[in-house]
Amino acid sequence: MKEVFAKYSPFQVDPKELEEAFGLDENSFDSANESEKESMVEMHKSISYWADAWRRFKANHVSMVALGVFIVCMLFAFAGPKFVPYNYADQLRNAQKLGPMEYSKQEQQIKLIEGKCKAFYATALRPGSITALDKGNYVIKKGGKTYAFTLDQIWEDAVIMYMPSGIDAELIVVKMKDIVSDGSFITYDVVNYTDTAAEDAEELSLVKRVFPHVFGTDSSGRDSMVRTMFGARVSIIIGIIAALIVLIIGSIYGSISGLAGGTVDFIMMRIVELIYSIPEVLVVLLLQVVLKDPLQAWFDSSKNPFVKGLGDLGSGIVSIFITFALLYWVTMARIVRGQVLQLKKQEYVTAATALGASSRRIIKRHLLPNCVGQLVITTCLQIPSAIFLESFLSFLGMGVSAPMASLGSLCSDALQTISLFPYRLIFPAIILTIIVLSLNLVGDGLRDSLDPRLKK
Amino acid sequence: MLLYILKRLLASVGTLLVVLAITFFLMNAVPGSPFITEKSTPEQIAAANAKYGLDKPLIVQFKNYLVSYCQGDLGVSLKMQEGTPVTDIMFHQGKFQLSIKLGLIALLVSVIIGIPLGCIAAYNRGSGLDGFLRVVTTVGVAIPGFVLATLLLVTFAVKLQWLPTISGSLDNVKAYIMPIISLSFYNTCYLAKLTRTSMLDAINQDYIRTARAKGVTTKSIVIKHALRNSLIPVITFLGPLIAGIITGSFVVESTFSIPGLGKYFVQSVLNRDYTVIMATTFVLSALVIFMNLVVDIAYKIVDPRITLSSRED
């Protein structure tokens with residue numbers, strides 16, 4: 001570059017001085033690269049609807065925090081049970097009515113059972129979930145000798161046993177997976193030794209690290225935290241499925257009504273008004289009771305795997321879905337109809353009609369995609385209302401059936417012992433409130449970002 | 001206007017009929033009858049069915065219900081208080097009055113507290129007070145009614161023993177406090193939120209700016225101009241609010257042991273006391289539908305721009 005300056009400058013100035021005076025550097029005269037060219041273009045790169053909405057949503061700190069909280073709740077509900085060594089239906093003996101962060105002595109200690117041979121039973125890591133092996137006699141082979149022992153309880157992960165005095169007194173751990181089908185062990189690892197004096201002891205105080213019951217246990221010895229996790233899972237699933245049902249029925253009904261117009265619209269809207277003024281809670285309660293037995297019979301008789309899956313959810317939950325399908329779609333239908341009434345006058349709808357598109361295609365390809373913002377918002381706000389309804393029904397003794405739990409049923413179970421164990425109500429109630437609160441706030445944020453016209 | 005009211009009244013009667021029909025056929029869709037107990041023989045059941053007319057075809061039974069309702073007769077209880085006329089249970093035993101009293105007070109409390117709170121929040125927009133109210137109302141609409149009711153019960157009745165555990169038939173002032181708070185808290189919060197939003201909407205309108213420019217005081221702007229116009233969406237919410245208070249009363253009445261209509265309805269459903277189910281459904285839905293009608297008419301009076309034929313949200 002210096003050469004260029006030297007060659008063309010009439011004043012023969014020192015290029016260094018020029019560079020300093022004009023703030024230029026060596027690269028100033030290179031041809032512009034791609035990004036520099038782009039920065040000169042005045043037009044912005046076109047941003048898709050979703051990217052734009054996401055940009056607005058991100059700017060809304062409250063909604064972002066709420067979304068984060070909801071994701072944490074989802075993790076708590078769906079991934080949580082994997083990290084807790086208890087199951088929602090297991091009733092742990094001697095571990096009833098524990099407070100938060102407690103665990104029972106029996107869970108902590110390894111017990112010596114008197115018998116033909118002294119065997120210790122390990123603390124259950126996941127008790128009760130294996131039933132493949134029955135109670136009975138087993139043999140163990142070590143060093144060419146066979147020792148018989150009795151098992152009266154089988155734990156999934158391991159059996160710790162105390163060997164008879166024929167060999168060195170020792171504690172051995174036998175992995176459950178090493179038990180072959182005829183009930184004999186094939187391998188084991190020695191993990192610990194005790195002295196022979198301990199043979200006579202009733203209980204060996206071998207303290208084991210136990211996963212505490214973080215939220216305590218209930219009166220049947222079930223771990224409350226796992227139950228809360230499952231309850232949150234059930235509640236969230238109910239909320240989402242109910243909202244989807246409302247979305248499907250409401251959007252189809254509303255768009256048909258709006259697009260058809262005229263008499264069809266009039267009749268369809270009268271039906272909506274009629275359903276709208278039905279005191280739904282009365283009908284919901286009736287439906288709960290009425291549908292219980294027929295649904296159960298249907299679940300029991302059917303061989304269809306889908307129906308079986310519904311049966312696992314329980315008749316209470318399924319009747320909640322039916323209730324939503326019958327009564328709760330009207331708000332969605334009204335909103336969609338309102339949108340469709342505006343949209344159907346647009347040119348692209350006229351164009352589609354002129355090109356011979358069927359009503360079905362117009363609704364599917366043109367109308368519904370254009371009210372997606374409203375659909376998402378209304379669906380999102382429907383979830384907490386479904387969760388509320390379910391908890392209300394569970395409180396009145398309907399809703400999910402035991403041993404399944406929902407946040408509402410956990411709260412209502414806790415009510416009987418509320419003065420003794422208030423924390424049993426507080427934990428599920430707080431989780432329920434957090435889920436509903438975060439969903440409400442996410443819904444508000446969605447409304448502001450997906451439909452900026454509505455922003456207040 | 002008169003024509004509109006007449007039309008709406010007719011539509012309300014239609015809705016009531018549909019609700020009764022749904023209730024009746026749902027109720028009868030359940031196999032079994034209210035008379036089956038462990039001891040009863042088929043003959044006894046048949047006799048009881050014949051006595052109360054349950055052996056007639058469904059459509060005749062339904063017609064009988066409607067005819068007797070038109071005559072003001074709600075039938076007799078089949079199971080819970082066998083043989084007692086339902087009107088006696090509801091009105092003479094005070095269940096209806098109790099629920100209505102509770103519901104009306106809760107409604108008043110929600111309106112009297114909720115709307116001014118919304119106005120205050122809107123007029124102090126962005127201030128600490130507004131922020132505080134926003135947090136309270138947002139959390140308030142996320143707390144289920146029964147949780148609030150139970151927490152109140154445990155804190156003030158069981159632990160602190162300031163208030164009675166059993167509210168009974170609400171014969172002293174202390175007994176009212178907790179049921180009313182639990183019934184009105186959600187609605188108060190919701191109303192405050194709603195009023196704040198619609199108030200903010202109204203404040204930004206041109207006519208408010210004009211009023212300000214003319215030198216009208218803030219107080220008079222709020223009361224005369226902004227509030228009137230911001231009440232429209234609030235009135236729309238009153239219909240669902242009344243229904244919500246009835247729903248809430250199911251929970252509140254069972255939590256605080258109040259022998260009201262809500263609790264009675266839940267019991268009648270669980271007991272399959274057909275006549276009581278039908279009668280309570282009739283009374284409660286007539287109430288809700290009537291209140292919806294009143295709200296619709298009020299809506300029309302407040303905002304004459306609204307078209308009469310259909311209500312849009």
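These legends walk through a few close-up views of a predicted model. Local features need pLDDT of at least 70 and side-chain atom pairs count only at pLDDT 80 or more, while totals for chains, interfaces and linings use all residues; side-chain values use heavy atoms, with hydrogens and water left out. Residues are numbered from 1 along each chain as its sequence is written, and chains are lettered from A and ligands numbered from 1 in the order in which they are written.

**View 1. Phe324(A) and Tyr328(A) make a stacked aromatic pair.** Over all chains, the structure holds 14 aromatic pairs. In this one, the rings sit 4.4 Å centre to centre, with 25° between the planes. (Rings of Phe, Tyr and Trp, the last by its six-membered ring, pair if their centres lie within 6.5 Å; planes under 30 degrees apart count as stacked, over 60 as edge-to-face and the rest as tilted.) Is Phe324(A) buried or exposed? Phe324(A) is buried, at a relative accessible area of 0%, and Tyr328(A) counts as buried too, at 14%. (Buried means under 20% relative accessible area, exposed over 50%, partly exposed in between, using a 1.4 Å probe and protein chains only.)

**View 2. Phe250(B) stacks with Phe265(B).** Here it's 5.8 Å centre to centre and 20° between the planes. Phe250(B) belongs to helix H10 (residues 218-255) of chain B and Phe265(B) to helix H11 (residues 261-271) of chain B, so the pair ties together parts 15 residues apart in sequence. (Helices, H or I with at least four residues, are DSSP runs numbered from the N terminus.) Both Phe250(B) and Phe265(B) are buried.

**View 3. Ring pairs build a cluster in chain B.** Its members are Phe24(B), Phe25(B), Phe62(B), Tyr65(B), Tyr69(B) and Phe282(B).

**View 4. Two arginines lie over ring faces.** Arg233(A) is over the face of Phe230(A), 4.6 Å from the ring centre. Arg270(A) does likewise with Phe266(A), at 4.4 Å. (A charge sits over a ring if NZ of Lys or CZ of Arg is within 6 Å of the ring centre and within 35 degrees of the ring normal.)

View 5. Ser12(B) lies in helix H1 (residues 2-29) of chain B and is buried, with a relative accessible area of 11%.

Conventions
Helix = DSSP H or I, 4+ residues; strand = E, 2+ residues; numbered from the N terminus.
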